[in-house]
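Reader: I am new to reading protein structures. Could we walk through one together, feature by feature?

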Amino acid sequence: MDGPRYYMACLDLTGRSVLVVGGGRVALEKVEGLLASGADVTVVAPQVVPELTRLAVTLVRRGYRSEDLDGRFLVVAATSTTSVNRRVFRDAEARAQLCNVVDVPELCSFILPAVHRHDPIAVAVSTGGASPALAQRLRDEIAAVVRPEHADLARRLRALRPFAQSHFATYEERKAYFAGLVAEALG
Ligand SMILES: C[C@@]1(CC(=O)O)C2=NC(=C\c3[nH]c(c(CCC(=O)O)c3CC(=O)O)Cc3[nH]c(c(CC(=O)O)c3CCC(=O)O)/C=C3\N/C(=C\2)[C@@H](CCC(=O)O)[C@]3(C)CC(=O)O)/[C@H]1CCC(=O)O
Ligand SMILES: NC(=O)c1ccc[n+]([C@@H]2O[C@H](COP(=O)([O-])OP(=O)(O)OC[C@H]3O[C@@H](n4cnc5c(N)ncnc54)[C@H](O)[C@@H]3O)[C@@H](O)[C@H]2O)c1
């Protein structure tokens, strides 16, 4: 059976408050990804792996409570207890907050793609939940297409944006200018 047709987006988590429920290896992996995106991370779990205590997160060492969701932009749950994961999802849905329960797509309002970063470029592949193993394989193949000159070009084009805004009067002119520069650089 086909799953949902997911809406693809890039979230700006800089300085935004994110809750991670659970403090095991899987939670650690998610926390590292969230911190790398600039999120302000709170972890709630009775037990946490030692690595988590060395990261710049707020640790709350007890079981999850509904009010832990207060003020969060989104929540990721990675506990080993299905009833807790279910409760987090139900609470998040009731508050219209984004929720990912790791590896349980029916308890997710968003799922995670396989990602390759070559800043500022990011390649993300989702199979819509059909196969994470296939998503990883495709991610690696597509990542090989993204070369250092693409990242350099992206940086140079970004630097030209203020000039284009002030120099060209219309959207059409700016579009033609940037398309021309990309074609000139890459053929
Ligand atoms: C891409 C990645 C991103 C990330 O997690 O950051 C990610 N899973 C990764 C790895 C991975 N996960 C699994 C394996 C074993 C091989 C396999 O089963 O294929 C491997 C491979 C490995 O471990 O190397 C098992 C698995 N995963 C899900 C289920 C449930 C199910 O299938 O129903 C099961 C079965 C559990 C079981 O059998 O018990 C569900 C989800 N996993 C997703 C994402 C979402 C859909 C992504 C998409 O659209 O493709 C979704 C729906 C929800 C979510 O978790 O967001 C990350 C790679 C990170 C990287 O390499 O950078
Ligand atoms: N380990 C893996 O490779 C792997 C891979 C994919 C998925 N998973 C699944 O992901 C989940 C987490 O895996 P893990 O290896 O990190 O598990 P783990 O057992 O090491 O960690 C579970 C964490 O959940 C916390 N927890 C338990 N009850 C809680 C509650 N009421 N409130 C808040 N936190 C609570 C525990 O304190 C612990 O920190 C499991 O369901 C597992 O099946 C594991």
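Predicted model: local features only at pLDDT ≥ 70, side-chain atom pairs only at ≥ 80, totals over all residues.

Reader: How do I spot polar contacts to the ligand, and which protein atoms lie 2.9 Å, 2.8 Å and 3.0 Å from its oxygen atoms?

Author: Search for pairs of N or O atoms within 3.5 Å of each other. At G129 the backbone takes part instead, with an N or O atom 2.8 Å from a ligand oxygen. R139 uses an N or O atom of its side chain, 3.0 Å from an oxygen atom of ligand 1. As for how much of the ligand is covered, ligand 1 taken alone exposes 1100 Å², and the protein buries 61% of that.

Reader: Where does ligand 1 sit?

Author: Ligand 1 sits in the largest pocket.

Reader: Let us turn to single residues. Is D68 buried or exposed?

Author: The relative accessible area tells you, and under 20% means buried. D68 has a value of 8%, so this residue is buried. D68 belongs to the loop between β3 (58–60) and β4 (74–77).

Reader: What does the side chain of D68 contact?

Author: There are two contacts to look up. The side chains of D68 and R62 are joined by a polar contact of 2.7 Å. A polar atom of the D68 side chain also lies 2.7 Å from the backbone nitrogen of R65.

Reader: Now the backbone angles. Which residues does a cis peptide bond join?

Author: For a peptide bond, check the omega angle. Between D119 and P120 omega is about 5°, and the bond is cis. P120 is part of the loop between β6 (114–118) and β7 (121–125).

Reader: What should I look for in phi, and what is its value at A96 and at D103?

Author: A96 is not a glycine, yet its phi is positive, about 55°. D103 is also a residue other than glycine, with a positive phi near 70°. A96 lies in the loop between α3 (82–94) and β5 (98–101), while D103 is in the loop between β5 and β6.

Reader: Are A96 and D103 buried or exposed?

Author: Over 50% relative accessible area counts as exposed. A96 reaches 72% and is therefore exposed; D103, at 74%, is exposed too.

Reader: Finally, how many helices and strands does the protein chain have?

Author: Step back and count the elements: there are seven helices and seven strands. Read from the N terminus, their order is β-α-β-α-β-β-α-β-β-β-α-α-α-α. The C-alpha atoms fill a box of roughly 55 × 40 × 35 Å along the principal axes, and 33% of the 187 residues count as buried.

Definitions and conventions: Residues numbered from 1 in each chain as written. Chains lettered and ligands numbered in written order. Heavy atoms only, no water. Polar contact = N/O pair within 3.5 Å; in protein donor to acceptor, adjacent residues only side chain to side chain. Areas by Shrake-Rupley, 256 points an atom, 1.4 Å probe, with all protein chains shown as cover. 1 Å grid on protein atoms, 1.4 Å probe; cavity = no way out; pocket = protein on both sides within 12 Å on 5 of 7 lines; lining within 4 Å. Sits in = over half its atoms within 2 Å of the grid points. Helix = DSSP H or I, 4+ residues; strand = E, 2+ residues; numbered from the N terminus. Buried < 20%, exposed > 50% of the residue type's maximum accessible area, 1.4 Å probe, protein only.
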